[in-house]
Each structure stands twice: as C-alpha cells, then as structure tokens.
Amino acid sequence: RLEAKGNTVVVVEHDEETIRRAEHLIDLGPGGGVNGGRVVAVGTPAEVMECPESVTGRFLASPLRHPIMERRLPVADEPGLEIVGASLHNLKKLSAVIPCGRLVCVTGVSGSGKSTLVREVLHKNLRRLLAAGARHASPGQFTGCTRIRGWEVFGRVLEVDQTPIGKTPRSCPATYVGFWDAIRKLFAQTPEARMRGYTPSRFSFNVKGGRCTECEGQGMRTIGMSFLPDVKVVCESCGGARFTPETLMIRFKGKSIGEVLAMNIDEAAGFFAAHPTIRRPLMLLSEVGLGYLTLGQQSPTLSGGEAQRIKLVTELAKAKEVTGEELKDRARNALRAKQASPLHTLYLLDEPTIGLHMADVEKLVRVLHRLVAAGNTVVVIEHNLDIIAEADWIIDLGPEGGDGGGRVVAAGTPEQVAKSGKKSHTGRILAEFLKDRGRG
C-alpha cells in the first residue's frame, strides 16, 4: 500500500515470503564477515534464483524439506513436564504438557501468552527451585500457576537469549566458549616461552604481564570527547594486537598469539587440527555458520543472533563426544528413572531466528536437534515455519492475542496441529506449509 502511493520501500529482510514478493532484490554475500561485502545478485526473485553464487537464490529455488531429522514421538513411559493452572497475565488457567527429551515449539499469534508461559511461569519457577537445590515443591511454592509436575528430572534450566556474551572489548568468542585457555597453554609450552619462563598467564589479555600496557589488552583505546560521544581508536602501541612486543615474539607453528587472535574460525580450525580440545569447539562454531568471525572478535560488536549461536555452541561443547546411540540410551535411562541428570538440561529460547538468513536457520535447526540428541529438552517460542515444522511437539496458544488468547488451542506433532482446523491460526498456515514442504 505504501508503494502504491508512489513511495519507494527498501527493506532489509530474511523472511522468505517477503523476499518472494519483492519486485527487486539486491543480494549481498556470498558469505558473512570477510567472506561477504559484495553484490552477488540483482534483479527479480526469479533472476536471483538463477545466480549460482547466491545463497539466497539457492534457498528460494530449493527450500528446506521437512522434517530434516526423524521425529522423536512421545513414548508412554517417558515423563513430561506438566504446567497446571497457569493464570498469569492473560493465561486462563492454562495447563500444558511438555514432553521431556524433545524439541518443543510454543506457537501462537502475537500476544497469545507464549512468553508469559515459557519465560515468566516455567523459567522463573524452575530457576528458583533448582537454584535453591530443592528436589520437591509444594503447590504454594509456585508463582503464576497452581503447580508444575515432572521438573525433578532436570539438572538445570537455561534461557539462551540474544543478549551480548560480554560487555567489554576483552571478551571474545575464544574466551566465552572456553578454548582460549588451551591455546595459551600451547604457547607456554613452546621452547622459546619455556626458556624465558613464560607461563600461560603471559598470553592472557585479561591480566598484567604480557598484555599491552597502553590499552590493557583491549586492542583499542577510548578517547573522551567534550560534548561528543567517546571515540574508539586502534591502540598505537600494539597496533590492535593486544600484547607486548616481547609476548608477540613467541611463535607457535609460525604464528604469534596476536596473529592467532586475528584468525577467523574456519582458518583456526585447520590451524589447530591436531588439537581436539581446540578444534572441536571451532568446528561447532563453523557448523552453526560463524566461521567468518575472528577468535578475538570483540563481544560488543556481535549481533544478537551471533551471540545466541555462540551460547548454543558453548553448551554443545560441554557434551562428551560419544555416539548418538550412547547419548540416547543415557538420556532415556535418566528420564525413565525420573532423576536429575547433568546431561539433562531444559533449554529455553525466545524467537532465535530473529536476524537469521534462511541458510542460518537450517544450521540452527541442526544445532537444536543435536542438543536434544544429547539428552536435553529444548523449548522454543517461535513464529518461523522452518523451525515449527521441525518440532517433535507443538503447543499452540491463542486463538487470538490479548484477552482473546491464553488458551491451548492445539497440541501435538506438526502434522497433528496442521489438522486442527480453523481453531488454530498456526495449524491452518502450517497445513499449507507442510503440503508444499513436507516429505510425506
């Protein structure tokens, strides 16, 4: 309607339907970070689809087919997490069951009560109980609902959101995920470092000794401007390398510690191929589409989607490398015993696809499936149909927003919700989507 009135509308967008309806596309890439920054295709959606270099064109021409992974249908002898009588805000004494060890999507129109149910009722109650070390709870201990049953099987609950992973320039993916300590130890073990008496702390930019004294290991300096915002400039002393010249003289496989920080994740995965404890988290970061980030990328410069995927990788990196069947057996045994397990975490995500390209959504789907395969339960508040179609179980709230919502209008597998008829807006749209994208 804006365009019909003679206006020009320019939209930065990842949503497939919006892209398909555009009259003119400008596609940047082909990758992200250092792998992007070029115009790879220009024209109508049909013309962009014909460009082999365009990732957007490839996904428009060949959308994802669902399900990508085999569904994990609920089993009778496995426990579920049951919320009883949720009545906070617009929730109307709502009761719902979340199957444990599954990928669960909570759907519904805006204002239907999804965030209230997941974040304010489920997350706040379980976080409080688990933090207190409680193994049993009376009905009076729950807020926003009558009670929650089956929560005792969880070892912890974690909300994986898009908040920054660190607030200072010294924070970066390498320190957050946790493999930077292993890299520092490698440098400390080189003959030159041992001869000089350097320990791993020498190669830390968080403590004095080996870091640049001018910028204190930040690589940047902040210059205060009167009546204007502060200005950040590259440190003149270290040139952004963060360390003293003496520290930078130590080489591992021909690279200084500063040069390693400047490597992107894909490059570093090859460089540390012989060191599994370092290579594994690097490969995980690459698999979720973050291979273009540098190891020392300052946390405040990361987008919300990048920060969230780094958090997911951090969780995946904690799981021991065992076969898929071993993971399933261990998770199944813990669930059937109805006992808390360090393997069993309840992960909560609120619209993780915000800011993600279609290619990144596919990678996110695979990460969520891997978390579930490792014996965890993942609950996602989502509107993106590619995520909803991949769920093992859907809880659809509504039917409308505000006072018209707050009820469970449909629950089941994506195929079951798609057959729920006119009472579920999600079901109606999902039915059309699965008809076009489903493998059945």
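Let me start with what helix α11 packs against: its buried residues, buried meaning under 20% relative accessible area with a 1.4 Å probe and protein chains only, pack against α5 (173-177), α6 (180-188), α10 (265-271), α12 (304-318) and α14 (358-373), where contact means heavy atoms within 4.5 Å. Helices here are DSSP runs of H or I with at least four residues, and strands are runs of E with at least two, numbered from the N terminus. This is a predicted model, in which local features need pLDDT of at least 70 and side-chain atom pairs count only at pLDDT 80 or more, while totals for chains, interfaces and linings use all residues. Residues are numbered from 1 along each chain as its sequence is written, and side-chain values use heavy atoms, with hydrogens and water left out.

Within α11, the buried residues are I278, R280, P281, L282, L284 and L285. Just after this helix, G289 takes a positive phi of about 90 degrees.

Turning to the sheet, three strands form an open, antiparallel arrangement in the order β4-β3-β6, with two strands counted as paired if DSSP finds at least two bridges between them. Since β4 (94-99) and β6 (147-149) stand at the edges with a single partner strand each, one side of each is left without a neighbour in the sheet. Strand β3 (residues 80-86) is joined to the antiparallel β4 by five bridges, and A86 has L94 in β4 as its bridge partner. Helix α4 (residues 114-131) packs on this sheet, touching β3, β4 and β6, and its direction makes about 110 degrees with that of β3, the axes being lines fitted to C-alpha atoms, for helices over the stretch in contact, with angles from 0 to 180 degrees between N-to-C directions.

How values were computed. Buried < 20%, exposed > 50% of the residue type's maximum accessible area, 1.4 Å probe, protein only.
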